Amino acid sequence: MKPKYSLKGALISNLVPIVFLMFAAFAVPMSGLSIPYLLHEMISRLARDSLLVLSLVIPVLAGMGLNFGMVLGAMAGQIGMVLVVDWGLGGMPALLVAALLGTPISIGLGYFCGYILNLAKGREMVTSYIIGFFMNGAYQFLLLYCMGSIIPITNPELLLSRGYGIRNSMDLPNIRQVLDRLVSVEVFGMDIPILTFAVIAVFCLFIVWFKTTKIGQDMRAVGRNRAVANGAGIPVEKTRILAIIISTLIACYGQIVSLQNLGTINTYNSHEQVGIFSIAALLVGGATAENASIANVFVGVFLFHLMFVVSPMAGKNLIGDAQLGEYFRVFVSYGIIAVSLLLHAWKKRHEMLERRLLENEGKE
Amino acid sequence: MKKKDRMHKGGVEKFIANFGWPRIIIAIFLLLLFVIAPFIGIDVGTSLSDMLVRVGMNGILVLAMVPMIQSGCGLNFGLPLGIIAGLVGAVTSMEQNWQGLFGFGMAVLFAIPLAVLLGVMYGYFINMAKGDEMMIGTYVGFSVVAFMSMMWLRLPYRNPLLVWGFSGTGLRTTISLTGFWMKVLDNFLAIRIGPRFFFPTGSFIFFALCCVLVWAFFKTKTGIAMSAVGSNPQFARAHGVSEDRMRIVSVVLSTVLGAVGMVVYEQSYGFIQLYMGPLYMAFPAVAAILLGGATINSATISNVVIGTFLFQGILTMTPSVINGMLQTDVAEVIRILVSNGMILYALTRKGKGTVK
Amino acid sequence: MNVKLRRNLLRIVLCLIAVAGGFLLSLVGMYHSIILDNSEFSGAGAVLSPLEGLRVVSETEPVEMSPGDRILVSAKGPSTTLVFEITSPESQQSRQISYTLRMGLKKQFFLSVPAIVGGEKNPFLAE
């Protein structure tokens with residue numbers, strides 16, 4: 001029997017975005033920020049971060065939960081950018097070369113991550129979380145000690161004062177907003193980076209197309225039930241690793257897009273927050289560890305960044321302390337994930353109990 | 001208990017199989033570091049003392065992992081909750097200007113009720129999140145740390161040594177314990193041999209006491225029920241044990257131990273770090289107990305002791321030795337790689353609770 | 001064997017294309033620093049004095065250079081053309097000289113303007 005479409009059902013399944021929409025409706029006027037400003041900010045952030053969040057969709061399809069290992073892709077992209085800056089490249093070619101450099105690194109890291117996740121079946125999310133931290137150590141080792149010593153860096157401006165190791169932050173004057181400005185349309189006084197959105201759209205189309213291919217269907221089967229998929233002859237382990245590799249690649253390109261928008265690389269900080277914020281955004285958009293759609297990505301990025309921009313000002317106006325507003329923003333970011341995970345867990349139990357009740361009724 | 005029987009029966013082979021190759025490698029590595037140290041100009045006595053002090057400092061925080069592992073709730077990434085309770089207790093005790101062992105004791109006393117409260121709330125969340133406890137623990141922990149960061153700015157503490165000078169309100173980010181109860185446990189009955197060796201007797205006594213208490217607890221009816229819930233829930237339920245209730249008790253116990261452990265940590269470290277300080281403090285404790293041989297489902301006191309010794313040993317010795325050899329400061333990177341590497345290793349082992 | 005061989009061959013070809021593409025992109029996208037010097041040039045034989053009324057007009061905004069001046073010019077791509085305009089102070093007549101510099105993948109260049117204008121074969125300064 002097909003369950004009837006009910007308002008209650010729609011509300012419950014989209015609980016998280018609705019909660020945050022209400023929160024936003026409350027906080028936006030409280031922050032005192034103008035709507036045009038917010039709109040402009042949101043468009044800019046959508047262009048910047050959507051690709052990163054998009055990378056999370058495929059692993060969810062394969063039943064591997066929320067891939068915190070996307071930071072490995074972000075690291076690969078960053079290494080690409082650092083090298084490109086060192087070589088003195090600029091403009092679109094710089095982004096393309098960075099992507100070319102980041103690709104093999106991402107594939108390697110993605111394979112590593114996928115391999116470990118296969119060893120930790122059932123605990124993918126925590127494991128990918130720790131892999132992210134672990135790789136951060138390796139990344140720091142590479143950039144803080146190897147670069148400038150074992151790996152030659154020709155541009156001394158990039159190095160720390162001690163002679164080796166990459167600086168904490170560097171500006172990207174020749175790369176800043178290159179993709180954004182290449183094709184941009186002015187609407188109501190706001191510059192809309194059309195090409196960036198086109199690139200994002202291409203990746204969205206890729207994901208949609210991918211889901212229709214045999215490998216995509218295999219992935220979905222693996223995500224639903226590993227044992228059944230295995231029985232049907234699908235190479236479960238390889239499929240899962242492929243899912244992570246694709247995710248890492250998209251994250252790599254996403255980080256490059258994000259960096260060109262920002263115009264600055266925070267060598268040791270950019271990628272740490274990327275995982276947390278992207279996953280928070282995806283969850284706000286209504287995704288769960290088992291189900292994530294492209295719509296979740298865009299709704300999530302919009303709502304999450306709205307919260308992010310609005311919270312400090314709202315906190316300041318409500319309580320009168322800007323510092324408090326800053327902590328409030330952090331609280332909201334982490335709280336979102338906690339609340340989403342809890343709500344989802346509660347929902348799962350609720351559904352399981354209902355199903356058990358129905359089964360018992362059926363037996364009678 | 002079973003491990004000891006097997007050791008008597010087998011020999012070196014069985015010992016290695018039980019102990020696990022990673023731990024053996026790390027133990028040998030640690031020994032190697034101690035052997036190399038004098039040749040690089042690092043004083044073994046000082047290093048040993050450092051290591052011992054750090055064991056006393058961190059031991060109880062590692063111990064706090066045991067209850068939740070035993071009850072099947074996984075690794076307690078929500079340790080920051082207990083840590084926050086410890087911080088509140090410490091700050092409250094300092095507000096009253098209580099000093100010495102008395103101040104320390106009052107800090108612990110104040111921390112425990114809050115830890116129980118937070119533990120009950122956290123336990124309720126854990127029960128909602130069966131299967132995903134570690135993730136939810138992490139983010140509940142983070143959220144509470146962020147929430148408390150807001151609170152530290154506003155709570156009515158007035159002691160001039162604790163709050164910012166200008167405004168008179170809002171606690172400082174780092175508060176020094178000098179003049180209060182810095183190192184009271186460490187120095188209690190401490191043994192000093194020569195100018196360089198220092199054994200923090202007090203801390204070790206306290207640590208041993210807590211270990212004995214926890215060990216004894218797991219011999220009681222409640223303790224056995226808790227372990228049963230973790231290893232064989234069907235069996236436990238059949239005997240009338242409420243799984244949910246036992247899990248909440250284990251969470252409360254973990255949180256309380258975390259609070260006490262945090263106060264011990266502070267007295268040894270000498271500083272109280274508020275705001276975002278506690279954010280990542282669960283990770284070293286998790287790594288330590290895993291290094292000691294625990295799995296996601298089972299942990300013993302020996303895991304705690306061995307793990308803390310090995311982990312703190314590596315953390316103390318590796319940076320100084322490598323710094324001495326290569327003239328660079330790789331301490332941070334080593335810490336990240338070792339602690340997270342250990343956690344990864346444990347997560348990828350096939351244990352009782354893994355899905356095939 | 002056939003399928004495997006073909007697949008690996010394809011992969012190698014793709015890698016080569018990627019590397020070649022990277023190379024081309026680097027060529028097109030590289031930013032070079034060109035330092036133009038208007039001091040006395042003593043190269044192979046001739047000694048050329050610094051120029052009066054010198055302007056570099058190939059930049060987005062023309063830059064004036066007095067004798068002894070040095071300016072930094074940024075250029076992108078495999079080659080660039082510099083146009084100098086020299087206005088003789090007495091006759092107020094100006095002439096323009098173009099100079100095409102092939103930069104390739106090198107990042108820094110140090111040129112002497114008097115040498116370029118004077119038609120020297122090697123207007124590069126050491127440093």
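The legends below describe close-up views of a predicted model. Local features are given where pLDDT is at least 70 and side-chain atom pairs count only at pLDDT 80 or more, whereas totals for chains, interfaces and linings use all residues. Residues are numbered from 1 along each chain as its sequence is written, and chains are lettered from A and ligands numbered from 1 in the order in which they are written.

**View 1. The contact between chain A and chain B.** Two pairs of chains are in contact, and chains A and B share the most contacts, a contact being two residues whose C-beta atoms, placed from the backbone, lie within 7 Å. Chain A contributes 35 residues and chain B contributes 29 residues. On the side of chain A that touches chain B, α6 (91–119), α7 (124–146) and α15 (322–363) of chain A each supply at least two residues, and the largest share, 15 residues, comes from α15(A). Helices (H or I, at least four residues) and strands (E, at least two) are DSSP runs, numbered from the N terminus. This side of chain A divides into 24 nonpolar, seven polar and four charged residues, where Ala, Val, Leu, Ile, Met, Phe, Trp, Tyr, Cys and Pro count as nonpolar, Asp, Glu, Lys and Arg as charged, and the others, Gly among them, as polar. Chain B and chain C, by contrast, do not touch, and their nearest C-alpha atoms are 32 Å apart.

**View 2. Helix α6 of chain B.** Covering residues 79–95, α6(B) has 17 residues and reaches 24 Å from its first C-alpha to its last, close to the expected 24 Å, which is 1.5 Å times one less than the number of residues. The helix is mostly covered, with 15 of its 17 residues buried, that is, with 20 or more other C-beta atoms, placed from the backbone, within 10 Å of their own. After α6(B) comes B:Asn97, whose phi is positive, near 60°.

**View 3. The open three-stranded sheet of chain C.** Chain C comprises two helices and nine strands, and buried residues make up 17% of its 127 residues. Three of the strands form an open sheet in the order β6-β1-β9, with mixed pairing, strands being paired if DSSP finds at least two bridges between them. Because β6 (70–76) and β9 (108–112) of chain C stand at the edges, each with a single partner strand, one side of each is left without a neighbour in the sheet. Strand β1 (residues 31–37) of chain C runs parallel to β9(C), to which five bridges join it, and C:Ile34 has C:Phe109 in β9(C) as its bridge partner.

Note on methods
Buried ≥ 20, exposed ≤ 12 C-beta atoms within 10 Å, placed from the backbone.
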